[in-house]
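Open the structure in your viewer and keep the selection tool at hand. The stops below are given in order.

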Amino acid sequence: HDPVRASTLLQDTGFFVMRDDWTPESKYLLMDWGRHGGQYGHPDKMNLIVYADGQPWVPDAGETAAGTGAGPDGSWYRSTLAHNTVQVDGQSQQPVDGQPVAWHSRPEYDIAAAEHSGYPELWHRRTVFHPRGGYFLVLDELDNSSDRSRTAEWLLHVDGRRESGTRGRFVFRRDAERGLSVVPARGIGVRGSRIAEGPCALYVPGPRICAPQQDGPADYFMVPYVGLSRALAAGDSAPFCVALV
């Protein structure tokens, strides 16, 4: 690894990586925007993975052998719903290639943007801003060019125990000192959102906060996820803006 440049654009593989430094405790974000296909060609354009304190706070659902995931065909991990991106009309994205739009890495901050058209007549751009050592600000812009209304759901799976009693945000804890706040921008809010859970393979050894999946693989755990929904009128556009702190 480069001892100076911790953040990078991996053009050939289709990833942005944001990292404060090379210590195990560093904040780390990976965004998958690249070509569709290969062994792990899931409908997951703009999927995020976030680590901090050496732990996977926002994990990917992972891969299983055929028939060992959730559902009769083990297809959960191959759905857009199992990833940290935006789902439209409750359907998975179509197989498409994403495109990078912007990448700037400076001593003070990182900013990355990419887009895809994995839903018919809908365009999705995701921008992530990260001040060095601070939060991740995620901005999703969706443009509905069809003649019908659509429903978009912003998804985030978090490996932690949800804290009750919070207002205007979601808080997930590992212990009394370590937590992740999911803070939607004013105007989006948490009203009408949902909290559900799905199976996730967590690759970091050690005790897990989440409960094991019943009747599933031993290394799969039930991880809660947030779904923030909003309507897209015909011919209209709308943003999601969420801070991960």
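The tour goes from a loop residue to the nonpolar cores and then to a strand residue.

This is a predicted model, in which local features need pLDDT of at least 70 and side-chain atom pairs count only at pLDDT 80 or more, while totals for chains, interfaces and linings use all residues. Residues are numbered from 1 along each chain as its sequence is written, and side-chain values use heavy atoms, with hydrogens and water left out.

Select Thr80, in the loop between strand 5 (55-58) and strand 6 (86-88); strands are DSSP runs of E, at least two residues long, numbered from the N terminus. Thr80 counts as buried because its relative accessibility is 0% (buried means under 20% relative accessible area, with a 1.4 Å probe and protein chains only). A polar atom of the Thr80 side chain lies 2.9 Å from the backbone nitrogen of Gln93.

Next, select Leu29, Val128, Leu142, Trp154, Val182 and Leu244, the residues with the most contacts inside the largest nonpolar core, which has 36 residues. Such a core is a set of buried Ala, Val, Leu, Ile, Met, Phe, Trp, Tyr and Cys residues joined through side-chain atoms within 4.5 Å. Strand 18 (residues 237-244) gives the most to this core, with four residues. Apart from this core lies another, of seven residues, among them Trp76, Tyr77, Ala82 and Tyr225.

Finally, select Asn144 in strand 10 (residues 136-144). Is Asn144 buried or exposed? Asn144 counts as buried, because its relative accessibility is 0%. Polar atoms of its side chain lie 2.9 Å from the backbone oxygen of Arg148 and 3.0 Å from the backbone oxygen of Ala233.

Conventions
Buried means under 20% relative accessible area, exposed over 50%, partly exposed in between (1.4 Å probe, protein chains only). A polar contact is a pair of N or O atoms within 3.5 Å; within protein, one must be able to donate a hydrogen and the other to accept it, and residues adjacent in sequence count only if both atoms are side-chain atoms.
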